[in-house]
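Take a look at the structure below.

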Amino acid sequence: MQTTLDLLRASLSLLAVAAAAAGAAIRIVADGDFVDRLRAGDAGAIRTLITRHHGALVGLAQSIVKSRAAAEDVVQETWIAVIEGVGRFDGRSALSTWILAILLNKARTVARRESRYVPLSEEGGSDLDEPAVPPERFAADGHWAVPPVPLDGVDPERIYAGRQIWRHVGDAIERLPPAQKAVLILRDVEGRDAAETCRLLELTPENQRILLHRARAKLRNLVEQLVAAPVGAPVLAKA
Amino acid sequence: MAFCRKIPDLADGYIDRDGSLADRLRVGIHLRLCGHCRAYVDGIEVTRRLAAASLAAEPTDPLVERLLARLGPGGDRLRSSPDET
């Protein structure tokens, strides 16, 4: 016999599935007009598309091909394939998903050709078991001994340690182990959900969860140290 | 034992809404009661926005022009979009 809690859980699960499907549907519907403009050769639409995704694509490509120069070549080839092939895009997936799949295929092909391909599942980094927050920041009773620094209102353009904070974060993302970098870009920059990220990067759900957790924790730690540091003090957080 | 120590490990599942329902409910209730943990979770959201901002750099104009030129001789398939005129 189902309890009220069971029914509540089932209802919430159905709502979550429906919301995810609706979100995906909205994304695909919103793509429709934009794809029509791309197919018509609208230069403004092409420029918008490239601007929207270029940085993320370079970062993703670099997580596979390793060198920045090779990554930029891969992304350029990806854009060519996208622009020349958009007439064949069938709209069954979101446009951005299609673009990401093209990029990842091209990056893996280049890496394999240069005998440098390593599956991302094997490039998670050696720090996956480290806690997100050092244990000494908690008291014996589990409360915060050293509370988190609030990051409300931190503006990407604001200067910390001599540079805009977005540049510090960008550098930290560059230094992430390849798999952590790829997962972070897909989840938090491109807005992909966990299932799609696993599919695109050929990761298990648990692996993806751990990689994202570690990447976010490192970046949060860095931002906290930048915000909390006295002016002129060196920032020692590594990412 | 205070729940605070568990928040860093449960925060992602709460933010992404893909943790267990029970954990998300526990985190949600705790965040209403604990300002420190709320600061931690809110800080992850800020970090995510900073990550997106850090990769929003525009491609160089020469790259964009090269790509646009690939569309055909003189770019004859190209039309200016209304917002460009």
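Start with a stretch that calls for caution. Over residues 72–85 of chain B, pLDDT stays under 50. The model has 21 contacts beyond four places in sequence for these residues. Keep in mind that this is a predicted model, and that pLDDT is the predictor's confidence in each residue, from 0 to 100. Read the contacts of residues 72–85 with that score in view. What does chain B average in pLDDT? The average is 81, and 75% of the residues of chain B score at least 70.

Now turn to chain A. It has 239 residues, and 47% of them count as buried. Its secondary structure comes to eight helices and two strands. Follow the sequence and you read the pattern α-α-α-α-β-β-α-α-α-α. So how do contacts span the chain? Take the contacts in chain A between residues at least 6 apart in sequence: 65% of them join residues at least 24 apart.

Zoom in on one residue of chain A. A:Lys181 lies in helix α6, which covers residues 178–189. Is A:Lys181 buried or exposed? It is buried, because its relative accessible area is 3%, and the cut-off for buried is under 20%. Which residues does A:Lys181 touch, leaving aside those up to four places away in sequence? They are A:Gly59, A:Gln62, A:Ile173, A:Glu174 and A:Leu176.

Next, look at the backbone. Most residues other than glycine have a negative phi. A:Ala161 has a positive one, near 50 degrees. Find A:Ala161 in the loop between β1 (159–160) and β2 (163–164) of chain A. A:Ala161 counts as exposed, because its relative accessible area is 52% and exposed means over 50%. Phi of B:Arg17 is near 60 degrees, a positive value in a residue other than glycine. B:Arg17 lies in the loop between α1 and α2 (21–33) of chain B. With a relative accessible area of 65%, B:Arg17 is exposed.

Now bring the two chains together. How many residues of chain B are in contact with chain A? There are 44, and they meet 54 residues of chain A. Between them the chains bury about 4500 Å², and 64% of that area is on carbon and sulfur atoms. In chain B, the residues that lose the most area to chain A are B:Leu50, B:Leu55 and B:Leu67. Together they account for 14% of what that side buries.

Charged side chains also meet here. The rule finds five salt bridges across the interface of chain B and chain A. Look for the one that joins the side chains of A:Asp188 and B:Arg48, with N to O at 2.8 Å.

Which helices of chain B each supply at least two residues of the side that touches chain A? They are α1 (7–16), α3 (35–54) and α4 (61–69). Helix α3(B) gives the most, with 15 residues. Sort the residues of this side of chain B by type, and you get 24 nonpolar, five polar and 15 charged.

How values were computed. Residues are numbered from 1 along each chain as its sequence is written. Chains are lettered from A and ligands numbered from 1 in the order in which they are written. This is a predicted model: local features need pLDDT of at least 70, side-chain atom pairs count only at pLDDT 80 or more; totals for chains, interfaces and linings use all residues. Side-chain values use heavy atoms; hydrogens and water are left out. Contact means heavy atoms within 4.5 Å. Buried area is the accessible area (1.4 Å probe) that two parts lose on being put together, summed over both. A salt bridge is a side-chain nitrogen of Lys or Arg within 4 Å of a carboxyl oxygen of Asp or Glu. Helices (H or I, at least four residues) and strands (E, at least two) are DSSP runs, numbered from the N terminus. Ala, Val, Leu, Ile, Met, Phe, Trp, Tyr, Cys and Pro count as nonpolar, Asp, Glu, Lys and Arg as charged, and the others, Gly among them, as polar. Buried means under 20% relative accessible area, exposed over 50%, partly exposed in between (1.4 Å probe, protein chains only).
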